[in-house]
Amino acid sequence: MMTDLWNTDAVPFVGTESSRQGLGFRYYQADRVVAGKPMKDWLRFAVAYWHTFDQRLVDPFGEGTATRPFDKYTDPMSLALAKVDYSFEFYQKLGVDFFCFHDRDLAPEGDTLRQTNANLDRVVDQIEGLQKSTGISPLWNTSSLFTNARFLAGAGTSPYADVFAYSGAQLKHSLEIAKRLGSQNYVFWGGREGYENLWNTDLRREQDHMAKLLQMALDYSREIDLDVQFLIEPKPKEPTTHQYDFDAATTIAFLKTYGLDDSFKLNLEGNHANLAGHTYQHEVRVARAAGMLGSLDANQGDKLLGWDIDEFPSDLYESTAVMWEILDEGEIGPRGGLNFDSKPRRTSFTAEDLFQGHIVGMDTYAAGLLVAAKLHEDNVIGSMVSERYSSYDSGIGSEIENGSVGLTELESYSLDVPQSEIIAKTQSDRLEAVKATIGNYIVDTLGRA
Ligand code: XUL
Ligand code: CO
């Protein structure tokens, strides 16, 4: 179907000859095999519909600046249908196999849910047709249970039962769309599932209600035989002062409290990790430790801004760290991928900037994959970490791990040992050298890529 709606060529691979960034991939080659798998299978890139096709680049102080080739459509339904054509050509030109969307990204709301669903179904018909002819499909979809004014105090956690009811009804249709379009995952980001202030909040009751909504989604997915991996996307704050899915650890505890941990995994986002006071790598590692890594929203924040600016990722140190985790895990998640929950800056307002942002993001993660593969190949991290914990492999360490000793045995083991002997069992972590080694691997690996 490749027409020329965007007035842009398909993005070529240009390699690393020139250091100047242009509209070509320096590192990403879909079929290049790295650590036993083609790059496209490690990375499984997805384009976020809301940022790339809907976002006008507004901020709290200013109107949108974006210029898009579909701006000529003024009627909301004609625009919605046209955008689908533009979106599929965009995926094809970029060479990505997946996209992600909220229900409300696709079509305008009507006065009733019935009318809204009818608008949505027309657009989904169009998507279904293009999926068939291109093979491009949703990595995940979700329901926007936070944009409309009815969700001012939350959806599943709203104090108003009619809003909860509407949320469930809206969610039902999103699950049906997931089935129809063959989404691989279904995401819940609790956009307003938190509180502004504790004085007027029944925190326990709100969390019980949230768990109920998630359970209803699981029940209905069984009823319609929907085969998706359910994901929760943690974020600590914004829009509410405190969001219940604060970070990976809090979300895991919530899922375990309500017995939902077998049915959900996590979709982790770089900028959200920073807002929670964590690195992206931390969030991925916490999810891995709990066996709950599901998928990734690839973006980054700004060190100087304390809000969710969703920049395209360009930080090689961060992408190396994240891809190291993924290589160590063997995959992003059973059905995971890298969704660019990213938008160009407000000053980068042209259609070409949309391509440029994705190219930079894809190259940043492809470069991270190359560096991480080399770190794995040379067993740089693995040998350092196993050496650091080797005292648990035998003697008192293995007795601690296998549970054959208690405090009494530890006391007799330690009571008369001189301080100097205990201190002599510790070693320098050489952390400065470790950090420099990662930097050296980035420079050296990419220099030879
Ligand atoms: C908001 C955010 C969302 C989710 C999907 O910060 O990340 O776009 O990814 O609702
Ligand atoms: Co996100």
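Predicted model: local features only at pLDDT ≥ 70, side-chain atom pairs only at ≥ 80, totals over all residues.
Residues are numbered from 1 along each chain as its sequence is written, chains are lettered from A and ligands numbered from 1 in the order in which they are written, and side-chain values use heavy atoms, with hydrogens and water left out.

**The cobalt site**

The cobalt ion (ligand 2) is coordinated by Glu233 (OE), Glu269 (OE), Asp297 (OD) and Asp341 (OD), at 1.9 to 2.1 Å; donors here are N, O and S atoms within 2.8 Å of the metal (3.2 Å for Na, K and Ca), and since water is not among the atoms, sites may look incomplete. The donor residues follow the spacing E-x35-E-x27-D-x43-D in sequence. Asp297 belongs to strand β11 (residues 293-297) and Asp341 to the loop between β12 (338-340) and α12 (351-377), so this pair ties together parts that are 44 residues apart in sequence. Strands (E, at least two residues) and helices (H or I, at least four) are DSSP runs, numbered from the N terminus. The angles among the 6 donor atoms run from 79 to 170°, and the site is octahedral, a term used for six donors if opposite donors are over 155 degrees apart and all others between 65 and 115.

| Residue | Relative accessibility | Class |
|---|---|---|
| Asp297 | 0% | buried |
| Asp341 | 7% | buried |
| Glu238 | 27% | partly exposed |

**Backbone positions**

Most residues other than glycine have a negative phi, and most peptide bonds are trans. Glu238, in the loop between β8 and β9, has a positive phi near 70°, and the peptide bond from Glu238 to Pro239 is cis, with omega near 10°. Ala35, in the loop between β1 (33-34) and β2 (37-38), has a positive phi of about 45°.

**Helices α8 and α10**

The axes of α8 (residues 248-257) and α10 (residues 280-289) come within 9 Å and cross at roughly 25°, which makes α8 roughly parallel to α10, a class for angles under 35 degrees. Ala248, Ala249 and Ile252 in α8 meet Glu283, Val286 and Ala287 in α10, contact meaning heavy atoms within 4.5 Å.

Technical notes:
Axes fitted to C-alpha atoms, helices over the stretch in contact; angles between N-to-C directions. Parallel < 35°, antiparallel > 145°, perpendicular 65-115°, else oblique. Tetrahedral: all angles 85-135°; square planar, octahedral: opposite > 155°, others 65-115°. Buried < 20%, exposed > 50% of the residue type's maximum accessible area, 1.4 Å probe, protein only.
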